[in-house]
Amino acid sequence: MKILIKNGYIVDGNKTPMYKADLLIEDKVIKKIGKIEEDVPRVIDANERIVCPGFIDTHSHSDLLNLVNPYNQIKIRQGITTEILGQDGISMAPLPKQYISSWRKNIAGLDGESDEIDWEYETTDNYLKMMEKNGIGLNEAYLVPHGNVRMEAMGLEGRAATKSEIEKMCEITRREMEAGAFGLSTGLIYIPCAYSETEELIEMCKVVAEFDGALVIHQRSEADTIVNSMKEVIEIGKKSGVKIHFSHFKICGKNNWKYLDEMLELLERAKEEGIEISFDQYPYAAGSTMLGVILPPWAHAGGTDELMKRLADPEERNKMISDMENGIPGWDNFVEFAGLDQIFVTSVKTDKNKDLIGKNLLEIGKIRGKDPYNATFDLLLQEENAVGMVDFYGLEEHVIKILKRPEQNVCTDGLLSGKPHPRAYGSFPRVLGRYVREQKILSTEEAIYKMTKKAAETFGIKNRGVLKEGNFADILVINMETVIDKGTYVEPTQYPEGIDYVVINGNIVLENGVYNKILAGEVIRRK
């Protein structure tokens, strides 16, 4: 099918100044850009709006959702046409059959839970084939999750790996990279990644570097010890040759805000040493993850089943409270840097605790008639750790300073169940509405570049991210006078405004704000 987009201003993703032109789509690709008089069956009148590449979300948590509800309207309505799964070192694949039960509980707070799918797929290749067979709403790429690889190699023990176990991890990483993954992800606050030592990651990243992949890393600290944490990440890049991509780059807690300039200096020095460094960012001063991360790392040793036993033991609870109040060197203590009153529950698995959604941990203590720690432990125990949360940690001026950095591209990092962080619905429109139109922090061309070509180049995604003849037809029509996110922390599940058309692989998926239920996406594998 041919589609002609007329009367639009082309913002091509290259930071080229916008220009007026028509764009012709034939089948899945862009056939021509320029003055086009051809008579075609389907014409979109852009009506002076901008026409740009579809957005690429480099940090997504749609991994399970894509198998249960593959249409993913939440992402499409904010202009996302491609997303990268497998984040934070804990995701869907690989998944040995003997660990299915425990692993489902471990990832439930990030990716959700479902009995509707067959969990016995085992490898990344089979997981991607499941998406291909079922169909998907937008394009999906995948990262090898460090925690999954570690689990296959040595189980869920809370200890450093032996040399032979690291060799096994490297073999598994190679297998998954050969299946088409774009890199390795890790989350060094998540279990079992948190138990790894630097050398383990260096050796795995040597394999990833052979494929020109990236290490996508939620670093060991985003708070008190962030400077040393960044030095560790840079060391991994230097010794392995891998490209480094920091997930959701930020600094947490008012006592740590002073470190931002030193963090940026580390980026500059690393680039001078020839290390390729980039990062993504969601444009909000609050974060979101699973509530279980507020517990000390030792509490998670052995997996979620062992965590449940500890949460049921009063003596173990007292030890957790002591560590949460006094801290552990090198551990990001969310209660310390955000506060009990600034951590809010966003999702639960059962109806039993739905009254706690939207409440902070102090409020939960009052509602349950207990101290906030034990009320929180009860919640995690009853929900088998499948609880999401939002935490408030940052400053708007830091969001802006990071947004302007040349290493930056935009992401959502959106958890999609319950009452999520508003970034799940609005990250990309927020940048265009708030930081381009209203505050003029970025030009339209620069912002679009950060959402499209910058992301594609960082991960080696070919033939997407730029409006160019021969590239895949992932295209948006946006009203720059109205585009904005609508979700708030109180009512986050609101679709944005101003994303008028979304075309994915030559299919019109969103038309004048009306969603057409089409599975137009493709699984993208690194060649």
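Axes are lines fitted to C-alpha atoms, for helices over the stretch in contact, and angles run from 0 to 180 degrees between N-to-C directions. On that basis, helix 16 and helix 17 pack at an angle of about 160 degrees, and their axes are 11 Å apart. Angles over 145 degrees count as roughly antiparallel, so helix 16 is roughly antiparallel to helix 17. The model is predicted, and the values that follow are to be read accordingly.

**Helix 16 and helix 17**

- The crossing in which helix 16 passes helix 17 is right-handed.
- On the side of helix 16, the contact is made by F428, V431, L432 and V436, and on the side of helix 17 by T444, A447, I448 and M451.
- Seven nonpolar residues and one polar residue make up this contact of helix 16 with helix 17, with no charged residues.
- The loop between helix 16 (423–438) and helix 17 (444–451) holds K440.
- K440 is not a glycine, yet its phi is positive, at about 55 degrees.

**Helix 5 and helix 6**

- Helix 5, residues 146–154, packs with helix 6, residues 163–178, at an angle of about 125 degrees, and the two axes are 9 Å apart.
- The two helices, helix 5 and helix 6, are therefore oblique to each other.
- Helix 5 passes helix 6 in a crossing that is right-handed.
- From helix 5, the residues V149, R150, E152, A153 and M154 meet E165, K168, M169, I172, T173 and R175 from helix 6.
- By class, the residues of the contact of helix 5 with helix 6 are five nonpolar, one polar and five charged.

**Helix 11 and helix 14**

- Helix 11 (residues 314–326) and helix 14 (residues 372–382) have axes that come within 11 Å and cross at roughly 120 degrees.
- This angle makes helix 11 oblique to helix 14.
- Helix 11 passes helix 14 with right-handed crossing geometry.
- Helix 11 contributes R317, M320, I321, M324 and E325 to the contact, and helix 14 contributes Y373, N374, F377, D378 and L381.
- Six nonpolar, one polar and three charged residues form the contact of helix 11 with helix 14.

**The largest pocket**

- The largest pocket holds about 320 Å³ of space.
- Its lining has 21 residues, and L188, I189, A194, P297 and W331 are the closest to the centre of the pocket.
- In the lining of the largest pocket, 14 residues are nonpolar, five are polar and two are charged.

**Cavities**

- Four cavities of 30 Å³ or more are present in the structure.
- The volume of the largest cavity is about 140 Å³.
- Among the 20 residues that line the largest cavity, H218, E222, K250, S288 and T289 lie nearest its centre.
- Strand 14 (286–290) and helix 12 (334–337) each supply at least two residues of the lining of the largest cavity, and strand 14 gives the largest share, three residues.
- The lining of the largest cavity consists of seven nonpolar, six polar and seven charged residues.
- The second largest cavity contains about 110 Å³ of space.
- The second largest cavity is lined by 14 residues, of which K250, Y284, Y393, V399 and I402 are the closest to its centre.
- With three residues, helix 15 (residues 396–403) gives the most to the lining of the second largest cavity.
- Nine nonpolar, four polar and one charged residues line the second largest cavity.

**Cis peptide bonds**

- Most peptide bonds are trans, and most residues other than glycine have a negative phi.
- The peptide bond from A93 to P94, in contrast, is cis, with omega near 0 degrees.
- P94 is in the loop between strand 7 (80–85) and helix 3 (100–111).
- I191 and P192 are likewise joined by a cis peptide bond, for which omega is about 10 degrees.
- P192 is placed in the loop between strand 10 (183–187) and helix 7 (198–210).

Terms used
Residues are numbered from 1 along each chain as its sequence is written. This is a predicted model: local features need pLDDT of at least 70, side-chain atom pairs count only at pLDDT 80 or more; totals for chains, interfaces and linings use all residues. Side-chain values use heavy atoms; hydrogens and water are left out. On a 1 Å grid over the protein atoms alone, a cavity is a set of points where a 1.4 Å probe fits but cannot get out, and a pocket is an open set with protein on both sides within 12 Å along at least five of seven lines; lining residues have an atom within 4 Å of a point. Grid points are joined across faces, edges and corners, and a volume is the space filled by probe spheres set on the points. Ala, Val, Leu, Ile, Met, Phe, Trp, Tyr, Cys and Pro count as nonpolar, Asp, Glu, Lys and Arg as charged, and the others, Gly among them, as polar. Helices (H or I, at least four residues) and strands (E, at least two) are DSSP runs, numbered from the N terminus. Angles under 35 degrees count as roughly parallel, over 145 as roughly antiparallel, 65 to 115 as roughly perpendicular and the rest as oblique. A crossing is left-handed if the near helix is turned anticlockwise from the far one by less than a right angle, and right-handed if clockwise. Contact means heavy atoms within 4.5 Å.
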